[in-house]
Amino acid sequence: MTFRPTHYRLTTAALGVALALTLTSCGTAQDSGSSSEPATATVVDSALTRIKGAGTLRVCSTGDYPPFTEQTEDGQWKGIDVDMARDLAETMGVEPEFVKTSWKTLMDDYTAGKCDVAVGGISLNPERAEQVYFTVPTQEDGKTPITRCENVQKYDTVEEINQPGVRSIFPEGGTNEKFARKHYPQGELLTHDNLTVFDALAAGEADVMTTDRSEVLYIDHEYPELCAANPDEPFDYFQKGYMLPQGDEVFKHYVDQWLAIALKDGTYQGFAEPWVGDVELGLEG
C-alpha cells in the first residue's frame with residue numbers, strides 16, 4: 001500500500017479536533033448510582049474555537065528575516081514559516097491573515113491579542129516563555145558570526161569579536177542585540193535596519209554580525225562577499241518554534257499535533273528547500 005502523507009495529516013488533524021472537543025467537555029452525574037441524567041458539555045474558551053468560528057487565522061510576523069519570513073515591497077509574504085502558517089490555516093479550514101510586527105514590538109503585539117500565532121524564526125527562551133506558549137521546536141540553532149570572507153579567521157570566536165574597535169552590527173530589538181550587548185561590551189556596537197543590515201556588512205560598514213546559524217547559512221549562500229565564521233561551532237544553543245497563547249492547552253495540542261506531522265512527512269522540508277537547498281538547518285525530522 002502506498003503511504004499518503006497528505007491523507008495521514010488530514011486524518012490526524014481531524015482526530016485533533018475530536019480530541020479538542022473531548023478536552024473541552026466533561027461528563028457529570030448527580031448520583032452515579034441512580035441518576036440517568038445525560039452528561040453535559042462545558043465549552044472552554046479556546047483560540048481553536050474562536051479561529052474556526054471567525055474563519056481567519058491571524059499570524060504575527062516581522063517580515064524581515066529570510067528564509068523564515070519576508071514581506072516584499074508590494075506587500076506579499078513569503079518564507080518557510082509563512083508557508084507553514086498558510087498550511088496550518090488550510091488544515092484548520094480558515095484563511096491566513098498576516099499582521100506585521102517587529103522584533104522590538106513582537107511580544108507586546110502578541111500579548112495584546114493582535115494575532116493568534118506568531119512565526120518567523122522565533123527563538124525559544126525563558127523570558128518569552130513567561131508570557132507565551134511555544135510549539136514543539138521546528139529546529140535547533142545557535143548564535144554564529146558572519147563577516148566578509150577575508151575576515152573569517154579574525155572573527156570566529158567571542159573573544160576575537162569582543163575587542164575595542166571591532167564593529168558588531170545588529171537590528172534593534174530581539175535576541176541578536178541581546179547577545180551582542182552581553183558578550184561584546186568591549187567592542188563597538190551598531191544598530192541597523194534588519195532589511196539592509198547584511199548590505200551594510202557586505203559594504204564594510206561593520207566588521208561582523210552574530211545571528212542565528214540558520215540565517216548565517218542562508219546569507220552565506222545569498223551574498224558572495226559574506227562567509228559564515230565557524231558555523232559548525234555555534235556560540236550557544238537554542239530552539240526555534242511558533243508562539244501560541246499562554247494557558248490555551250486545547251489550541252497548543254492542536255498546533256503541536258499538526259506541526260509534529262509536518263516535520264515528519266516532508267511538509268516543512270518541502271517549504272525549506274527552495275530557500276536553502278541541501279543546506280542542513282538542524283531540522284527536527
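Predicted model: local features only at pLDDT ≥ 70, side-chain atom pairs only at ≥ 80, totals over all residues.
**The core.** Start with L57, M92, F198, M243 and F251. Among the 61 residues of the largest nonpolar core, these touch the most other members. Now select helix 10, residues 249-264. Helix 10 gives the most to this core, with eight residues.

Stay on F251 and show its contacts. Beyond its neighbours up to four places away in sequence, F251 touches S46, A47, L48, I51, L57, M92, D116, V117, L244 and P245. Then pick I161, V166, F170 and A180. They belong to another core, of nine residues, that lies apart from the largest one.

**The cavities.** The model has three cavities of 30 Å³ or more.

Move to the second largest cavity, of about 50 Å³. Its lining includes D81, M84, V119, Y242 and W258. Helix 3 (80-92) gives the most here, with four residues. What classes of residue make up this lining? Nine are nonpolar, none polar and one charged.

**Helix 11.** Finish at residues 267-276. In helix 11, T267, Y268, A272, W275 and V276 are buried. Look down the axis: these residues cover an arc of only 140 degrees, so they sit on the same side of helix 11. Step on to G277, which follows helix 11 and has a positive phi, near 60 degrees.

Key. Residues numbered from 1 in each chain as written. Heavy atoms only, no water. Core = buried A, V, L, I, M, F, W, Y, C linked by side-chain atoms within 4.5 Å. Buried < 20%, exposed > 50% of the residue type's maximum accessible area, 1.4 Å probe, protein only. Helix = DSSP H or I, 4+ residues; strand = E, 2+ residues; numbered from the N terminus. Contact = heavy atoms within 4.5 Å. Arc of directions from axis to C-beta. 1 Å grid on protein atoms, 1.4 Å probe; cavity = no way out; pocket = protein on both sides within 12 Å on 5 of 7 lines; lining within 4 Å. Points joined across faces, edges and corners; volume = space filled by probe spheres on them. Nonpolar A, V, L, I, M, F, W, Y, C, P; charged D, E, K, R; others polar.
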